[in-house]
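Keep the sequence and the 3D view at hand while reading.

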Amino acid sequence: MEASGSLKFLQKTILTSIFFGIVGISVNQANSSPPPITKEEIKKASRIYFDRCAGCHGMLRKGATGPALTPENLKKKHLNTEAIKSFIYYGTAGGMPDWGKQGVLTKEEINLLARFLQHPPPPPPLLTWEQIKKSWKVYIPVEKRVKAPQNKNWRNFFGVILRDVGKVAIVDGTTKKLISIVNTGFAVHILRTSASGRYMYSIGRDGKATVIDLWMKKPDKVAEVKVCYDARSIDTSKYKGYEDKYAVVGCYWPPAFVVLKGDDLKPITRHVTSDYYYDTKDFVREARVASIVSSHYDPLWVLNIKEAGQVWLVDYSKIDKGSIKIDMIDAERYLHDGGWDLSKRYFLVAANMRNKIVVIDTKEKKLAAIVDVGTKPHPGRGANIDHPKYGPLWCTGHIGENRIACIGTDPEKHKKYAWKVAKWIKMPGVGGGNLFIKTHPKSKWLLADRPLNPDKDLQRSIFVYDKYTFKLVKTLKIPKNIPGRAVHEEYSSDGSEFWISVWGKKDQPTAILVYDDKTLKLKKVIKGDWVRTPTGKFNVTNTMEDIY
Ligand code: DHE
């Protein structure tokens with residue numbers, strides 16, 4: 001949620017007044033004492049806040065991707081119940097979703113949230129190690145698992161997140177047939193694979209990690225554990241000698257990272273990430289773990305400590321001996337998502353409230369650069385291009401504006417372009433709303449979605465750019481009869497096709513669109529009653545080898 005200029009704000013308040021049938025609300029009438037709310041209502045509002053708001057504004061409401069929502073901050077900005085309702089209903093151009101307009105939250109829920117936010121946040125619970133251990137379940141012990149892959153196409157399987165139904169679909173990328181549906185828990189966020197590709201891991205917003213064995217005839221979960229109340233990231237040990245050995249979960253709440261045994265998720269250790277802001281040196285309790293990547297060249301995880309603005313390089317080689325070494329690198333706030341450059345030496349991550357991309361040199365274990373980009377960069381894992389003029393480029397889109405920034409990543413042979421935006425790509429239409437971009441080494445294209453743009457037409461489009469000339473080649477549109485927004489692109493393992501999710505509401509099935517990469521023609525619409533709220537898709541080979 002973002003405070004905008006007073007005119008925009010007034011327009012919104014008037015619009016809200018019309019929507020809620022309320023007349024005569026004035027900005028200056030911000031409440032001096034918070035509006036009444038019952039204990040029951042606080043319970044209900046806490047749940048809604050957790051599901052829809054905590055990701056951006058924080059459990060303690062101190063702000064991160066979105067501004068602080070403490071009662072003091074709202075008062076300081078003269079935001080009363082009606083004004084808050086307006087923000088929640090209409091969203092903002094800065095990237096806050098229009099929860100009311102989209103029909104995700106009802107008028108009553110918005111009213112409840114607006115009142116709730118004017119009261120101090122209830123203290124979020126902590127999770128004991130004992131509770132974590134108790135939640136650990138092994139469905140198929142390692143020694144009882146199959147000894148060889150039961151499907152010949154398994155390296156081209158796609159894990160598809162069915163977000164709002166708490167499931168992951170495993171689809172054969174070669175035949176496009178649904179292989180299995182796995183119950184994984186609440187609002188799965190991402191999937192990652194082990195170094196061998198055999199195991200696929202999911203992490204849910206409820207902090208539950210699940211491991212799926214892709215070698216089974218019908219892949220299913222073989223173990224699960226709940227390591228936090230809220231989480232967004234998981235990765236595995238990919239360095240030689242440690243393949244499939246560990247998994248690591250990045251928690252939003254309680255702020256921590258938790259190391260698990262790779263094949264059965266047995267909890268091994270946990271480290272709190274509450275820390276000091278890298279710049280002010282003030283304590284920040286809610287310093288959450290955002291993205292994680294795993295090095296292919298060292299026994300190293302790169303953890304991004306969102307609020308603190310620090311990148312932690314965690315050496316996992318001595319975990320068995322009860323020791324963990326962490327290099328903490330001061331970077332920028334607030335760290336969110338990112339990915340490897342083409343060489344996989346440099347890791348690039350968005351500091352989304354400061355409009356920067358942070359570059360970490362994982363070989364030298366130091367900050368390599370901080371690059372100015374556009375408003376609210378959101379790379380996903382980014383897109384890597386080997387360009388004849390600029391050399392290797394890593395690109396990011398933006399939530400807050402309609403440009404893609406491609407940064408040079410070769411400080412040796414292409415020094416002139418290194419660690420600066422070598423090429424800006426303008427996207428059509430007004431506003432940003434891009435969440436994910438993607439390419440594949442075998443493809444000529446750079447793909448970009450716009451699901452957060454307020455324009456319905458842009459929400460349903462995928463923009464295809466020539467990755468060498470940077471020209472817009474085609475705009476792909478979701479077929480009219482399929483409701484929802486186009487989100488997240490993923491390639492097949494040979495790069496010959498790419499898949500797009502149509503993200504709708506959970507009460508109505510949508511589809512996954514499969515495009516031929518050469519002709520850009522829609523070659524298959526994957527449909528079925530099971531295709532509900534598909535979001536991220538993860539091809540086994542591309543995820544295992546970090547190809548994007
Ligand atoms: Fe994500 C990646 C956090 C909203 C779909 N998202 C990530 C990562 C983080 C993150 C930290 C990087 C993980 C990694 O690489 O280790 N996402 C958050 C939020 O905090 C936020 C803004 C709000 C929230 O409450 O969760 C948020 N994300 C969304 C969505 O609304 C999306 C579109 C649908 C959903 O699941 O809610 C969404 N996020 C994704 C996907 C990825 C992701 C598909 C992985 C991209 C990839 O290609 O790897």
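Into which domains is the chain divided? The chain has domain 1 (5-116), domain 2 (151-183 + 427-548) and domain 3 (188-330), with bounds from an automatic or database domain assignment.

This is a predicted model, in which local features need pLDDT of at least 70 and side-chain atom pairs count only at pLDDT 80 or more, while totals for chains, interfaces and linings use all residues. Residues are numbered from 1 along each chain as its sequence is written, and side-chain values use heavy atoms, leaving out hydrogens and water.

**The ligand**

There are 23 residues around the ligand, where near means that a heavy atom of the residue lies within 4 Å. Arg163, His189, Arg205, Arg232 and Tyr252 come nearest. Because domain 2 and domain 3 both give residues to this shell, the ligand lies between them.

The table lists polar contacts, which are pairs of N or O atoms within 3.5 Å.

| Residue | Atom of the residue | Distance to an oxygen atom of the ligand |
|---|---|---|
| Arg163 | polar side-chain atom | 2.6 Å |
| Arg205 | polar side-chain atom | 2.5 Å |
| Ile292 | backbone N or O atom | 3.0 Å |

**Domain 1 and domain 2**

The area buried between domain 1 and domain 2 is about 380 Å²; buried area is the accessible area (1.4 Å probe) that two parts lose on being put together, summed over both. Carbon and sulfur atoms give 35% of it. In domain 1, Arg52, Gly95 and Gln102 lose the most area to domain 2, together 64% of what that side buries.

One salt bridge is counted between these two domains. A salt bridge is a side-chain nitrogen of Lys or Arg within 4 Å of a carboxyl oxygen of Asp or Glu. Arg485 forms a salt bridge with Asp98, with the closest N and O atoms 4.0 Å apart.

Key: A polar contact is a pair of N or O atoms within 3.5 Å; within protein, one must be able to donate a hydrogen and the other to accept it, and residues adjacent in sequence count only if both atoms are side-chain atoms.
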